Amino acid sequence: MKSGSKWVKFLLSFFILILLLTGIFMVVVDPCFHYHAPLPYFSYTLDNARYQNDGIVKHFDYDALITGSSMTECFKTSELDALFGVHSIKVPYSGGSFKEVGDNLKVACASQPQLKMVVRGLDGNRFFNSKDDMDYAEYPTYLYDDSYLNDVNYLFNKNLLLTGLQNVIGKNSTGDIKMSFDDYCNWNDHFTFGKSVVDAYYHRETITPAETMTPITEDDYAKIEANIRQNVTDVADAYPDITFYIYFTPYSIYYMDYWYQLGDLERQLLAERYIIELLLEHDNIRLFSFYTRHEIVNNLDLYRDVAHHNGAVNTQILKWMKEGTGLLTKENYQEYCDDVWDYYMNFDYDSLFE
């Protein structure tokens, strides 16, 4: 009886020891940078945005960042650094809503006093979201709150433990950290681009064209304002010393046709005009749009679907931001909006499919 009791105690003690060692290992290696910056002894990987972005903005050393949806994933921080003389990180969220990106940005601004520049994309398909829209039901919220009680979900996560082991095993002889924000979330080399690819993606024949355009309503305007205020301009107002380079992500001409066929294009363009007016009220926001650059929007060889352009366009956007090309101001935005309206509302979309 005593030997059985001793055996149970031994197994229990052994189990507790394994848990303790596992927890210590995860705190030390910390593959998601939850507790500290990466250590020079391990070879870390950047490959899991929703698990790593919070730790990145809290613990990395940087004075500029790039953020947004998958439309921003092909930016290269090395290009931003060279153009603007900064030391940047990239923290994109594929399919991210304004709230998801905005929440992470608020953490970054609060965590990094040296932050002076933000490049952020705003997606047109998010204009009519409510201010609290979050698309991801399964989310590592335990990495985003201030409680350590739920960190058991991190410390004893099998998949993250394997990642931590890889970081240790993958250590090279010099101890260099093999991480690149140029490559982080960058899908440019994993897709084929071109009109034939976009044609295969976009099934226009399945859309029943609307007889009239859907009007924008006062409720729409109220929802837009709440979304922009909570998730975009509040953080700009809270950190007036940071310059926010915000741009409307340029979808292809096929996406404009999609909105036109649905009868939503008029509503979409009016929403953009309203958002421009909201953003231009903030002195530390530099707002850009490239929908008048028809050599981009109309060139389907640059796209992998109706929305996502290749990395060369991201490179060009950074150059345009540096030059001031596409910059919207209180003096020129009305002309820009009129040009966009005249062009896209009167475009011969049928000619694209003949």
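A cavity is a set of points, on a 1 Å grid over the protein atoms alone, where a 1.4 Å probe fits but cannot get out; grid points are joined across faces, edges and corners, and the volume is the space filled by probe spheres set on the points. By this rule there are three cavities of 30 Å³ or more.

Lining residues, defined by an atom within 4 Å of a point, number 14 for the largest cavity. Phe 127, Trp 259, Gln 268, Glu 272 and Tyr 291 lie nearest its centre. Two or more lining residues come from each of α9 (253–262), α10 (265–279) and α13 (333–345), and α10 gives the largest share, three residues.

## Basis of the model

Residues are numbered from 1 along each chain as its sequence is written, and side-chain values use heavy atoms, with hydrogens and water left out. Because the model is predicted, local features need pLDDT of at least 70 and side-chain atom pairs count only at pLDDT 80 or more, while totals for chains, interfaces and linings use all residues.

## Overall architecture

The protein contains 13 helices and six strands, taken as DSSP runs (helices H or I, at least four residues; strands E, at least two) and numbered from the N terminus. Its C-alpha atoms fill a box of roughly 90 × 45 × 40 Å along the principal axes. Of the 354 residues, 51% are buried, that is, under 20% relative accessible area with a 1.4 Å probe and protein chains only.

Contacts are heavy atoms within 4.5 Å. Among those between residues at least 6 apart in sequence, 83% join residues at least 24 apart.

## Helix α9

Seven of the ten residues of α9 are buried: Ile 253, Tyr 254, Tyr 255, Met 256, Asp 257, Trp 259 and Gln 261. These buried residues pack against α7 (195–201), α10, α11 (294–297) and α13. Trp 259 is also one of the residues nearest the centre of the largest cavity. After α9 comes Gly 263, with a positive phi near 80°.

## Tyr 62

Tyr 62 is placed in the loop between α2 (49–59) and β1 (64–67). Its relative accessibility is 1%, so Tyr 62 counts as buried. Leaving aside residues up to four places away in sequence, Tyr 62 touches Ile 56, Val 57, His 87, Ser 88, Ile 89, Ala 108, Gln 112, Gln 114 and Leu 115. Tyr 62 and Ser 111 are 49 residues apart in sequence, and their C-alpha atoms are 11 Å apart in space.

Key
Buried means under 20% relative accessible area, exposed over 50%, partly exposed in between (1.4 Å probe, protein chains only). On a 1 Å grid over the protein atoms alone, a cavity is a set of points where a 1.4 Å probe fits but cannot get out, and a pocket is an open set with protein on both sides within 12 Å along at least five of seven lines; lining residues have an atom within 4 Å of a point.
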